[in-house]
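Welcome! Please take a moment to look over the sequence and the 3D picture before reading on.

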Amino acid sequence: MSELVGLLFSIALVNNLVLTSLVGLDLQVSASQRINTAWLVGLTTLYCLSLCLPGVYLLDRLVIIPMQLQYLDLLFYMMLIMVIVYASQKLLQIVFPLVYLQVKTIVPVVLLNSILLAAVLLSQDQHQSFFGSLVTGICVGMGFLFLLLTLSCLRERIDNSNVPAPFRGLPILLITLGIFSMGFMGLSGL
Amino acid sequence: MSISIIIALVTIIFLTVMIGLLMPEPDTISNQQTQRNEIDEIERLLPQTQCGDCGFNGCRPYAEAIVNRVADINRCLPGGVETIRSLSAKTGLEVKPLYKKTNKYDKPRIALIHEEHCIGCVKCITACPVDAIVGAPKQMHSVINAYCTGCELCIAPCPVDCISMVPAQ
């Protein structure tokens with residue numbers, strides 16, 4: 001149990017993929033304009049990540065490693081991510097049509113987001129078990145959601161404050177993200 | 001070695017076919033246009049009271065839900081049976097009895113203003129989507145029973161809580 005909590009802290013906060021590897025920044029910037037969108041995008045990413053990582057683990061153990069196809073792994077991963085996300089979207093359409101209507105336009109954006117592939121590669125590098133990859137997926141998603149929500153709250157404050165003219169818009173946002181990243185680095189001593 | 005290549009090919013073909021089967025229809029401009037036209041046509045049939053009785057935020061969201069087959073066509077209380085018939089003719093869905101918000105009330109209900117408490121603030125008149133309340137500032141207001149759809153939108157704005165719902169005759 002303590003191992004799981006440690007994993008959650010280390011992946012979601014200390015080694016937050018967005019801040020350390022700079023993946024998924026486009027979504028962080030574009031989706032944090034309003035807090036409702038931030039919730040929706042963050043939860044969709046969490047959902048996709050928690051489905052994709054175990055799926056990729058299974059593909060890895062059943063096909064890639066026994067047949068020594070490591071040179072094709074990136075292609076396989078990307079295709080499998082697409083299949084899993086589209087299948088879960090279809091399932092959502094049947095089970096919760098109202099939720100599907102809200103998520104419909106977001107899923108392609110999340111799907112083309114580099115954080116999915118980055119999380120998959122992170123999990124494969126660490127040679128995790130099936131359960132471990134599931135937990136990693138959820139933790140990466142929670143870290144992403146946490147950062148997105150914090151950033152959207154901060155943006156609300158930035159919008160209401162008097163920013164110097166050269167920094168207005170994207171520059172102040174990127175500076176904020178940089179300061180964020182430094183702040184999260186300080187957590188690595190935990 | 002050859003077996004591994006064959007398995008790689010089979011996996012790639014399988015994944016490609018799955019992507020093709022599962023991928024949702026792309027939102028091309030012509031697709032969006034046809035869907036927008038469909039929504040417009042459905043919206044024109046709705047009574048435009050914007051009361052929100054169907055569970056959506058207004059008539060346009062409800063029309064979108066009908067086009068996407070998320071909601072049934074029998075949820076529009078102000079429209080009544082007539083709207084259900086015209087929607088059914090347009091969409092090809094079968095006619096169903098009117099959906100009721102709760103099972104507590106069998107009969108449709110309308111608003112009644114208790115006139116001795118009314119202070120004439122006009123707030124319910126601005127809230128009413130079908131202009132079924134008559135009155136003027138500092139004058140007593142009254143509901144025209146024939147026009148009231150029972151959407152309950154006038155209850156919340158009333159500062160003295162003098163509006164209640166009663167069964168329609």
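Let us begin with how helices are compared: axes are lines fitted to C-alpha atoms, for helices over the stretch in contact, and angles run from 0 to 180 degrees between N-to-C directions. The helices themselves (H or I, at least four residues) and the strands (E, at least two) are DSSP runs, numbered from the N terminus. This is a predicted model, where local features need pLDDT of at least 70, side-chain atom pairs count only at pLDDT 80 or more, and totals for chains, interfaces and linings use all residues. Residues are numbered from 1 along each chain as its sequence is written, while chains are lettered from A and ligands numbered from 1 in the order in which they are written.

**Helix α8 and its partners in chain A**

- The axes of α8(A) and α9(A) come within 10 Å and cross at roughly 140°.
- α8(A) and α9(A) are therefore oblique to each other; angles under 35 degrees count as roughly parallel, over 145 as roughly antiparallel, 65 to 115 as roughly perpendicular and the rest as oblique.
- Their crossing is right-handed; a crossing is left-handed if the near helix is turned anticlockwise from the far one by less than a right angle, and right-handed if clockwise.
- Which residues touch here? I115(A), A119(A) and S123(A) of α8(A) meet S133(A), T136(A), G137(A), V140(A) and F144(A) of α9(A), where two residues are in contact if their C-beta atoms, placed from the backbone, lie within 7 Å.
- Sorted by class, the contact of α8(A) with α9(A) has 4 nonpolar, 4 polar and no charged residues (Ala, Val, Leu, Ile, Met, Phe, Trp, Tyr, Cys and Pro count as nonpolar, Asp, Glu, Lys and Arg as charged, and the others, Gly among them, as polar).
- α4(A) is another partner of α8(A): their axes come within 10 Å and cross at roughly 45°.
- These two helices, α4(A) and α8(A), are therefore also oblique to each other, and α4(A) passes α8(A) in a right-handed crossing.
- On the α4(A) side, the contact is made by T45(A), C48(A), L49(A), C52(A), L53(A), V56(A) and D60(A), and on the α8(A) side by I115(A), L116(A), A119(A), V120(A), S123(A) and Q124(A).
- The contact of α4(A) with α8(A) has 9 nonpolar, 3 polar and 1 charged residues.

- With 31 C-beta neighbours inside 10 Å, A119(A) counts as buried; a residue is buried if 20 or more other C-beta atoms lie within 10 Å of its own, exposed if 12 or fewer, and partly exposed in between, with C-beta atoms placed from the backbone.
- Leaving out residues up to four places away in sequence, A119(A) touches L17(A), L49(A), L53(A), T136(A), G137(A) and V140(A).
- The C-alpha atoms of A119(A) and S133(A) are separated by 9.4 Å, and these residues are 14 residues apart along the chain.
- The largest nonpolar core has 44 residues, and C52(A) and A119(A) have the most contacts inside it; such a core is a set of buried Ala, Val, Leu, Ile, Met, Phe, Trp, Tyr and Cys residues joined through C-beta atoms within 7 Å.
- At least two residues of this core come from each of α1 (2-14), α2 (17-21), α3 (25-31), α4 (35-67), α5 (73-95), α8 (114-125) and α9 (130-160) of chain A.
- The largest share of this core, 12 residues, comes from α4(A).
- A second, separate core of 17 residues includes I66(B), L77(B), L87(B) and C151(B).

**Where the chains meet**

- The contact takes 17 residues from chain A and 13 residues from chain B.
- On the side of chain A that touches chain B, α4, α5 and α6 (97-103) of chain A each supply at least two residues, and the largest share, 9 residues, comes from α5(A).
- By class, this side of chain A has 14 nonpolar, 2 polar and 1 charged residues.

**A look at chain B**

- Chain B has 5 helices and 4 strands, in the order α-α-α-α-β-α-β-β-β from the N terminus on.
- Of the 169 residues in chain B, buried residues make up 22%.
- Q50(B) lies in the loop between α2 (29-45) and α3 (59-67) of chain B, and Q50(B) is partly exposed, with 18 other C-beta atoms within 10 Å.
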